[in-house]
Every structure is written in C-alpha cells, then in structure tokens.
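Thanks for asking me to look at this one.

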Amino acid sequence: MENWTDSYLLDISEIDKQHRGFFELWENECRNADLNNYDQLKNIVEKLENYILEHFKTEEELLRKSGYADIESHIAQHGFFIQKVSEMKLELNYKNTLLFEKLTMFIKKWFISHIMQTDRKYRDEVIIYLSENPQ
Ligand SMILES: [Fe+2]
C-alpha cells in the first residue's frame, strides 16, 4: 500500500504537514491493529475520521480566505467522503475483519487521489494568496 511520497507535496506548508500527518497516523494505527478487538478497530476508524475532519476544516477555511472560485465543489467532495465513511463504518458492526481492511484502505486511497487531483486544483491560487497575505 502506498506510503507518503514527496510527490504529494502541494508546497503549502500547513496543508502538507497535515497530509503527511495523516499517513503517519494511518501507519501507526493500522499497522499493529488487533483484528480480533472490534472496539479497538472502531476506535482506529474514529481517530482517522476525526483527523480528517479537522484537516478539512483547516483546508476549507484556507480556501475561503483565498477566495478560491471552485470552493463549493471542493467542499462537496469532502462531504461525500464523510458520508461514505460513516456508512461504511456501520459495517464494522458485522465484526468482519475484511470490512475493517476495506474501510481503512478506502480511506487511504481516497485521501491519496483527493490530494493528487482535487487539492492540486487549488494549489496555485492558494500559493498566490499566501504570498500576498503571509499568515
Ligand atoms: Fe481537500
């Protein structure tokens, strides 16, 4: 499974730090998960979910400040993802190990393709905004 690589960098330090942090969290939590402990598995999914929610908040705030024109469709993608994860999370109640793996893989794969495709679209505009408005 893909790990962090510098090709994911957007050159927006706060966002890059959080993106990289997601991969660290995913590795730390999922690598040693006890697949027989469903409370723990649920807890891991919630940690990933909360981390990503916090990240979305930061990102959406930055897009708002930057006046990014396509912000609504970007936020809609975040919303779609959150909805999908909360649906898939219910499947954990079936206590099937494969569903945990399917869910955590989905989260990671979605995150990667979101960084590489959707986040890339705001990159230039946000970099210009930050260069004119140092935080
Ligand atoms: Fe995003």
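1. Glutamate 91 sits in the loop between H3 and H4; helices here are DSSP runs of H or I of at least four residues, and strands are runs of E of at least two, numbered from the N terminus. Glutamate 91 counts as partly exposed because it has 14 C-beta neighbours inside 10 Å. For that label, 20 or more other C-beta atoms within 10 Å make a residue buried, 12 or fewer make it exposed, and partly exposed falls in between, with C-beta atoms placed from the backbone. Between glutamate 91 and leucine 103 there are 12 residues in sequence and 9.1 Å in space, C-alpha to C-alpha.

2. A word on the source: this is a predicted model, in which local features need pLDDT of at least 70 and side-chain atom pairs count only at pLDDT 80 or more, while totals for chains, interfaces and linings use all residues. Residues are numbered from 1 along each chain as its sequence is written.

3. Leucine 103 brings us to H4, where it is one of the buried residues, along with Phe100, Thr104, Ile107, Phe111, Asp119, Tyr122 and Val126. Their cover includes helix H1 (13–31), helix H2 (38–66) and helix H3 (71–90).

4. H4 itself (residues 97–132) has 36 residues and spans 49 Å from first C-alpha to last, close to the 52 Å expected; the expected span is 1.5 Å times one less than the number of residues. Do look at aspartate 119, where H4 bends by about 50°, the bend being the angle between axes fitted to the seven residues ending there and the seven starting there.

5. How do H2 and H3 lie relative to each other, roughly parallel or roughly antiparallel? Their axes come within 11 Å and cross at roughly 170°, so the two helices are roughly antiparallel (the cut-off is over 145 degrees). On the H2 side, Val45, Glu49, Phe56, Glu60, Leu63 and Arg64 meet Ile71, His74, Ile75, His78, Val85 and Lys89 of H3, a contact meaning C-beta atoms within 7 Å. The residues of this contact comprise 6 nonpolar, 2 polar and 4 charged.

6. Stepping back to the whole chain, there are 4 helices and 0 strands. The C-alpha atoms fill a box of roughly 50 × 25 × 20 Å along the principal axes, and 14% of the 135 residues count as buried. Among contacts between residues at least 6 apart in sequence, 64% join residues at least 24 apart.

Technical notes
Two residues are in contact if their C-beta atoms, placed from the backbone, lie within 7 Å. Axes are lines fitted to C-alpha atoms, for helices over the stretch in contact, and angles run from 0 to 180 degrees between N-to-C directions. Angles under 35 degrees count as roughly parallel, over 145 as roughly antiparallel, 65 to 115 as roughly perpendicular and the rest as oblique. Ala, Val, Leu, Ile, Met, Phe, Trp, Tyr, Cys and Pro count as nonpolar, Asp, Glu, Lys and Arg as charged, and the others, Gly among them, as polar.
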